[in-house]
Amino acid sequence: MGAMLSEGWCVAKSDGSSTIACPLHALEFDQTGSTVLLGSNKATKSLLKPLELIIQGDLIWSYGGVEPKMPIPNVLNEFAAKYEFAGVAGECSVKTDLLSMLLNMHDYNHQNGTHRPLFEIERIDFKRFIDQRLHSHSYYDMPRAQPKWQDLLKNPALLEMPKVIRAHLENYFPAIVIFHGEAPIGTIKQCHIFVPEFETHTRTYVLAYGRFKNPVFRLLKNNVLKFAATVVEQDADILGKLYADSPQHIKLNNEVGMDWVRRNFANFSEMTNSRS
Ligand SMILES: [Fe+2]
């Protein structure tokens, strides 16, 4: 019925094997993908295909049974080796197609609209964009308004935010956007992952890594995760409120990241085929 097995659980069997249980009806599937029928030894037809996994360092990847078009980036493995894993934040399915999701993520002008309630960003000072085909870097500064007392009481983590957020985004088209952050508490790497689920839904989550300047600051890593979760919530909220198929009427300054997304999206197969 289309339930996600990743939301289910594993059941250890007395013979040492294990099954995976579906979260909807608790139906169990064995290693061949066959349903285990309670009170019966009858084998069913295999309903699931095993997923081919690639284990690279601390991370497990999969092409989901689709022919690989590009290599797995090594950047997350580098983070896993160098930084402390702070956790996963904001995992959700957003009611939007992958292109809209990516355009939002690479729209530097949306920070002081969509994320205004969180960061009180006053404006975006765009610095530069480095286009390396399917890989890119963008740099911009976001000066913030002084938080009001009532905001600080509501969210004391605002005190940890610098006066000017210096953003460096590193982008691996299409699935990964990394926010390289320097905060008073230390270095933060926020890795936003985008997985198309259906034409109209995109799954997203954030893997957060950090190096904290002081062991006490490690206690603040939950705040880092809370911020990341709020960012995802705000993006999901605004994406759910956009009219579908509404053409863009106004071109803003510094849409170079969005142009990069549109070009790569339109030419993805040629760009991956001609890769040397
Ligand atoms: Fe956003």
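Is Asp235 buried or exposed? Select Asp235: at 7% relative accessibility it counts as buried, where buried means under 20% relative accessible area, exposed over 50% and partly exposed in between, with a 1.4 Å probe and protein chains only. This is a predicted model, in which local features need pLDDT of at least 70, side-chain atom pairs count only at pLDDT 80 or more, and totals for chains, interfaces and linings use all residues. Residues are numbered from 1 along each chain as its sequence is written, and side-chain values use heavy atoms, with hydrogens and water left out.

Next, select the iron ion, whose protein donors are His110 (NE2), His115 (NE2), Asp235 (OD) and Asp235 (OD), at 2.1 to 2.4 Å; donors are N, O and S atoms within 2.8 Å of the metal (3.2 Å for Na, K and Ca), and, water not being among the atoms, sites may look incomplete. Along the chain these donors follow the spacing H-x4-H-x119-D. His110 lies in the loop between helix H2 (98-105) and helix H3 (111-114) and Asp235 in helix H6 (residues 221-239), so the pair ties together parts that are 125 residues apart in sequence; helices here are DSSP runs of H or I with at least four residues, strands are E runs of at least two, and both are numbered from the N terminus. His110 is also buried, with a relative accessible area of 8%.

Finally, select residues 1-62, which UniProt lists, in an unreviewed entry, as "domain: Rieske". Over residues 1-62 the chain is 0% helix and 29% strand, with the end C-alpha atoms 23 Å apart.

How values were computed:
UniProt positions renumbered as here; feature names shortened; annotations may be inferred.
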